[in-house]
Amino acid sequence: MHWKIGEYSFNANTNVLTLNDQVTILEPKVADLLRFFCLNPQRDISRDELMEQVWQGHIVSDSAINRIIVKLRKALGDNDKIKHFIVTVPKVGYRFAASVSVIEQTPLTDAAVLTEHKKKSPLVIFPVILLIAMLVLLAFFLFPFGEQQLEQPEQQAKVSPLLRLSMTQSEGAVSTNGRFLAFVAPSSHGAYQLHVKDTISGVTHSVSPGEGDATSPYWTDDNSGLYYLYYSERGCEIHLVEVEQASFNLPKVIYDCGWHDIKNVLYHPPTNELILVERNKMYTPFQVFGLSLDDKQKRKLIQPEAVGIGNHYIDRDRQSNKLLLLHDPIPSKTALFELDLDKSLATKILTLPYNVTSALWNHNATGVVHPSEHPSYHLMETDLTTGRAKLLVTDSRRVADINRMANQKDYLFTSYIYNRDIRLNGDIDPLTNSSVMDYLPSLSRDGSKLAIVSKRDGYSKVFIMQVGEQSLTSIELPDKGRLFYDLVWSFDDNKLLANTNQGIIVYDLKQQKVEQVFDMPSTVVGAGWYDFNHIHYSVKEDEQWQVVVVDLDGKVTQRLDRQKAFLTADYHQGKLDYVWFDQTLSASWREKPLTNTHCGHVLVRYRLSYQLSDGVVYCRSRKESAILRIDQNGSVTTYQHTEGMPYHFSVSNGNWATWYVSSNVSDLIRTNF
């Protein structure tokens with residue numbers, strides 16, 4: 001196509017820009033940018049749109065975009081003072097301000113196209129169209145849109161325990177020479193300590209301090225060192241344990257990350273950097289950084305825009321040094337990107353139709369190995385060329401912490417199961433408890449019914465029990481792979497709100513059907529009932545919490561003042577009652593400050609740990625394993641005390657419910673291909 005751009009003409013077929021007798025052959029990417037501007041003149045265009053349209057979705061650095069912009073401006077004669085063509089729009093991006101028109105094709109060109117068209121006889125075209133249609137139909141049935149194709153192997157991999165102790169163990173990492181196995185297990189202090197087993201001598205070494213929690217072990221390629229994350233009362237640190245002839249030195253502090261949250265860490269030899277997946281506070285997106293081991297300077301790496309949970313896991317192929325990044329663009333899917341640090345390029349290579357918390361390159365970097373959909377009872381391998389998933393292992397327990405073995409063909413993973421049981425008024429009711437996870441107890445407002453989430457059917461499912469009766473009914477909610485964060489009854493007990501990783505569901509208990517599904521761009525926090533016909537939730541916007549009120553048709557009706565960050569509500573004596581939390585998480589109730597210095601964390605796993613019921617505020621004690629009761633006069637008393645009291649509890653009309661971990665079993669398992 002030919003364009004007239006002011007006094008210039010641009011042939012998009014040959015990348016030639018002409019002004020009078022001056023001819024400039026543009027570089028391919030510069031020509032691509034000019035072509036896009038010609039198609040979108042007089043319009044504000046963001047950098048994200050340029051990445052999507054000009055760079056075909058590749059994530060490139062701002063400097064890379066700037067270089068192409070500068071080259072195009074120079075070709076068009078724009079300078080630092082006067083810009084007739086490409087105008088910078090502050091806080092937005094750019095606008096192509098020139099007048100643009102299409103130059104009509106010459107009669108010769110039109111005739112050539114017409115002649116070529118006449119050469120193709122209908123007798124030839126029809127069979128081609130028919131063949132294409134048949135192929136499209138065949139592809140539709142073989143590869144249904146939006147679903148991951150599962151390839152069933154003739155025989156699954158055999159598995160065997162790599163480590164099975166009397167205690168729980170997890171996060172196995174084998175050194176590249178196969179001699180050492182690093183793993184995490186409880187210490188005598190009750191913390192999670194890093195251990196290394198020497199498979200030749202059989203000796204197991206404890207290599208991290210026992211007072212804090214160690215996680216994310218990563219061996220250097222030459223087996224001379226072991227990096228790991230360490231959390232203690234001082235905050236977060238990255239440690240290095242140096243290895244000398246099967247002897248392990250005391251750990252060195254490589255990086256003090258303060259109170260930041262780091263998901264995982266690995267070593268990248270080409271740049272001599274530690275690659276960190278880090279966020280500065282809870283409920284903000286994870287981002288990827290490089291920490292130079294030469295000067296300890298930290299830089300933000302090229303990556304997709306961090307939204308929601310953000311860019312939350314990183315892996316490296318040791319042969320090619322390719323980096324694999326996990327990014328959740330929406331709560332129900334995980335996108336996988338390959339990062340090229342040399343070219344400052346992030347390329348999307350695969351989107352899984354569900355969330356995964358970790359994934360890694362297979363041994364030849366032609367595919368990725370990852371857990372199956374939550375609750376993850378399978379080990380999967382997805383081919384990057386075909387997008388087809390292959391079932392490697394089916395486990396009776398859940399799969400996590402996947403890693404590669406040193407033999408270039410096998411994998412190891414943590415096989416685990418948590419058994420959480422429901423306590424109702426301090427007692428364990430066999431009806432609400434199974435041999436797997438039963439959790440999130442929520443009593444109805446009148447205290448007569450108890451809702452729980454249970455994995456007894458192989459996935460998270462909501463059940464309801466009549467208190468004092470031996471009856472248990474289930475609720476069928478959409479999407480079996482959801483993670484549940486909270487259950488909240490409506491004020492009249494006719495509806496139940498479920499906050500999940502894929503949005504909010506409102507279930508009508510009288511009609512026994514899902515009334516509304518609220519799909520969210522990211523997981524929301526502190527969801528609940530605002531009144532009889534509206535729900536509320538909080539989201540992070542511009543580093544502050546924003547309370548959003550939505551009606552049951554999904555229409556946003558209010559965005560509350562930013563002084564209010566969270567709330568919990570009740571309907572008491574014919575009136576709506578609210579406890580409000582500001583941005584500092586200080587509380588107020590009935591227009592008076594609420595003394596909550598005795599209470600523990602306000603936010604726990606996307607929910608508020610406080611509850612307002614029958615004119616009383618309840619919270620979990622900061623110092624004791626107890627539920628505290630705060631009355632209207634601000635008097636604080638202990639309501640219930642029990643061993644292992646979690647932050648999730650429910651109180652209503654004299655009844656109280658909570659959960660506890662009755663057993664926790666985990667082993668390190670390896671495949672044997």
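Tutor: A helix here is a DSSP run of H or I with at least four residues, numbered from the N terminus. Keep in mind that this is a predicted model.

Student: What makes the reach of H3 close to the expected one?

Tutor: Compare two values. H3 has 15 residues, and its first and last C-alpha atoms lie 21 Å apart. At 1.5 Å a residue, 21 Å is expected.

Student: How does the reach of H1 compare with what is expected?

Tutor: H1 has twelve residues and reaches 17 Å from first C-alpha to last.

Student: Which residues of H3 are buried?

Tutor: Ala64, Ile65, Ile68, Ile69, Leu72, Arg73 and Leu76. Each is called buried because its relative accessible area is under 20%.

Student: And in H1, which residues are buried?

Tutor: They are Val30, Ala31, Leu33, Leu34, Phe36, Phe37 and Cys38.

Student: How do the axes of H1 and H3 lie?

Tutor: H1 spans residues 28–39. Its axis comes within 9 Å of that of H3, and the two cross at roughly 75°.

Student: Why is H1 called roughly perpendicular to H3?

Tutor: Angles of 65 to 115 degrees count as roughly perpendicular. The crossing is roughly 75°. That value falls in the range, so H1 is roughly perpendicular to H3.

Student: Which residues make the contact?

Tutor: From H1 come Lys29, Val30, Leu33, Leu34 and Phe37. From H3 come Ile68, Ile69, Lys71, Leu72 and Leu76. By class, this contact has eight nonpolar, no polar and two charged residues.

Student: Why is Ser216 called buried?

Tutor: The cut-off for buried is under 20%. Ser216 has a relative accessible area of 9%, so it is buried. Ser216 is found in strand S16, residues 213–219.

Student: What is its phi, given that Ser216 is not a glycine?

Tutor: Phi of Ser216 is positive, at about 60°.

Student: Is Gln245 buried or exposed, and how do you know?

Tutor: Exposed means over 50%. Gln245 has 82% relative accessibility, so it counts as exposed. Gln245 sits in the loop between strands S18 (235–244) and S19 (247–248). Its phi is positive too, near 50°.

Student: Why is Lys296 called partly exposed?

Tutor: Partly exposed lies between buried, under 20%, and exposed, over 50%. Lys296 has a relative accessible area of 41%, so it falls in between. Lys296 belongs to the loop between strands S23 (287–292) and S24 (298–300).

Student: What does Lys296 touch, not counting residues up to four places away in sequence?

Tutor: Lys296 touches Ile254 and Leu291.

Student: Where is Pro375, and what is the peptide bond from His374 to Pro375?

Tutor: Pro375 lies in the loop between strands S30 (367–371) and S31 (378–383). The bond is cis, with omega near 10°.

Student: What are the confidence values for the protein?

Tutor: The average pLDDT is 87, and 91% of the residues score at least 70.

Student: Which elements have the lowest and the highest mean pLDDT?

Tutor: Helix H4, residues 107–119, has the lowest, 34. Strand S29, residues 360–361, has the highest, 98. Over residues 105–147 the pLDDT is below 50. Beyond near neighbours in sequence, that stretch has nine contacts in the model.

Terms used
Residues are numbered from 1 along each chain as its sequence is written. This is a predicted model: local features need pLDDT of at least 70, side-chain atom pairs count only at pLDDT 80 or more; totals for chains, interfaces and linings use all residues. Side-chain values use heavy atoms; hydrogens and water are left out. The expected span of a helix is 1.5 Å times one less than its number of residues. Buried means under 20% relative accessible area, exposed over 50%, partly exposed in between (1.4 Å probe, protein chains only). Axes are lines fitted to C-alpha atoms, for helices over the stretch in contact, and angles run from 0 to 180 degrees between N-to-C directions. Angles under 35 degrees count as roughly parallel, over 145 as roughly antiparallel, 65 to 115 as roughly perpendicular and the rest as oblique. Contact means heavy atoms within 4.5 Å. Ala, Val, Leu, Ile, Met, Phe, Trp, Tyr, Cys and Pro count as nonpolar, Asp, Glu, Lys and Arg as charged, and the others, Gly among them, as polar. pLDDT is the predictor's confidence in each residue, from 0 to 100.
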